[in-house]
Amino acid sequence: MSDDPETARQIEELASDDRPLLVLDVDDVILEFIRPFPRFLEERGFALTIASFRLTGNIAERANGRLVEQAEVWALLDEFFQDQATWQSITDGAAEALSRFSEQAEIVLLTAMPHRHRAIRRAHLDALGLSYPLLTTEMAKGPAVAKLRGPHGRPIAFVDDQPPNLVSARESVADAHLFHLMADNSLREFLPPLPDDINVVQDWHEATPKIARVLGL
């Protein structure tokens with residue numbers, strides 16, 4: 001897997017830190033996505049039907065039932081992220097968990113979204129009191145996780161709602177502690193069984209003590 005050069009540049013800007021590392025996805029881990037997104041779609045004449053763990057093929061025009069093509073999905077997501085401050089609130093327990101870890105661990109938010117949305121997301125997170133470093137990536141997350149860890153083998157935990165991102169992290173950092181957390185657990189029924197080395201947690205209240213333990217906090 002290759003690096004995203006812009007992500008690598010963002011990582012180079014971070015201050016050196018040798019504390020245990022906690023890397024967190026944003027959408028449906030720190031900020032709600034799958035709950036507000038259908039309301040956003042409704043305002044624009046679309047409906048989301050969750051029939052699989054993907055957006056393309058599950059968004060339809062309400063007036064005629066036409067399924068939205070991939071390019072239109074990207075355009076809707078682009079609009080949603082431009083206006084994310086209106087729609088996305090903090091997931092339950094996330095702020096408290098991060099506050100608990102912040103003095104003993106380096107916390108970095110790693111979000112898979114176009115780099116052009118980074119400033120908007122940065123402003124929204126700051127407004128919510130989540131002033132942790134934010135990285136955007138348009139490629140696989142594993143190389144970014146490895147680069148964040150650095151050469152010294154410090155304990156690392158990575159939390160994401162997308163199994164492929166967790167697998168990518170494992171491929172790049174074999175001893176990373178991986179946590180699968182979803183803001184809406186009803187979507188788990190659409191996922192295949194996860195690899196045994198991924199810790200499945202139902203919410204931040206379950207995740208917090210488990211993350212603390214693997215990071216030695």
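**Cavity, pockets and helix packing**

Reader: Which residues line the largest cavity?

Author: This is a predicted model: local features need pLDDT of at least 70, side-chain atom pairs count only at pLDDT 80 or more, and totals for chains, interfaces and linings use all residues. Numbering runs from 1 along each chain as its sequence is written, and side-chain values use heavy atoms, leaving out hydrogens and water. On a 1 Å grid over the protein atoms alone, a cavity is a set of points where a 1.4 Å probe fits but cannot get out, and lining residues have an atom within 4 Å of a point. The lining of the largest cavity is Asp3, Asp4, Thr7, Ala8, Ile11, Thr137, Ala140, Pro143, Ala144 and Lys147.

Reader: Which elements give two or more residues to the lining of the largest cavity?

Author: Among the residues that line the largest cavity are Thr7 and Lys147. Helices (H or I, at least four residues) and strands (E, at least two) are DSSP runs, numbered from the N terminus. The elements giving two or more residues to this lining are α1 and α7.

Reader: What is the volume of the largest cavity?

Author: The structure holds one cavity of 30 Å³ or more. Grid points are joined across faces, edges and corners, and a volume is the space filled by probe spheres set on the points. For the largest cavity, the volume is about 60 Å³.

Reader: At what angle do α1 and α7 pack?

Author: Axes are lines fitted to C-alpha atoms, for helices over the stretch in contact, and angles run from 0 to 180 degrees between N-to-C directions. The axes of α1 and α7 lie 10 Å apart, with an angle of about 20 degrees.

Reader: Why is α1 roughly parallel to α7?

Author: Angles under 35 degrees count as roughly parallel, over 145 as roughly antiparallel, 65 to 115 as roughly perpendicular and the rest as oblique. α1 is therefore roughly parallel to α7, with a packing angle of about 20 degrees.

Reader: Which residues in α7 meet α1?

Author: Contact means heavy atoms within 4.5 Å. From α1 come Thr7, Ala8 and Ile11, and they meet α7 at Ala144, Lys147 and Leu148.

Reader: Is the crossing of α1 with α7 left-handed or right-handed?

Author: A crossing is left-handed if the near helix is turned anticlockwise from the far one by less than a right angle, and right-handed if clockwise. The crossing of α1 past α7 is right-handed.

Reader: Which residues in α8 meet α7?

Author: α7 and α8 have axes 7 Å apart and an angle of about 50 degrees. They are therefore oblique to each other. In α7, the contact uses Gly142, Pro143, Val145 and Ala146, and these meet α8 at Ser168, Ala169 and Ser172.

Reader: Which residues in α3 meet α2?

Author: Helix α2 (residues 36–43) and α3 cross at roughly 105 degrees, their axes coming within 11 Å. α2 and α3 are therefore roughly perpendicular to each other. Pro36, Phe37, Phe40 and Leu41 in α2 meet α3 at Leu76, Leu77, Glu79 and Phe80.

Reader: What is the volume of the largest pocket?

Author: A pocket is an open set of points with protein on both sides within 12 Å along at least five of seven lines. For the largest pocket, the volume is about 970 Å³.

Reader: Which element supplies the largest share of the lining of the largest pocket?

Author: Of the 31 lining residues, Phe33, Leu55, Leu77, Ala112 and Gln162 are the closest to the centre of the largest pocket. At least two lining residues each come from α3 (70–82) and α8 (163–172). The largest share, six residues, comes from α3.

Reader: How many residues in the lining of the largest pocket are charged?

Author: Ala, Val, Leu, Ile, Met, Phe, Trp, Tyr, Cys and Pro count as nonpolar, Asp, Glu, Lys and Arg as charged, and the others, Gly among them, as polar. The lining has 14 nonpolar and seven polar residues, and its charged residues number ten.

Reader: Which element gives the most to the lining of the second largest pocket?

Author: The second largest pocket holds about 290 Å³ of space. Its lining has 15 residues, with Ser16, Asp17, Lys147, Leu148 and Arg154 nearest the centre. Two or more lining residues come from α1 (5–12) and from α7 (142–149). With three residues, the element giving the most is α7.
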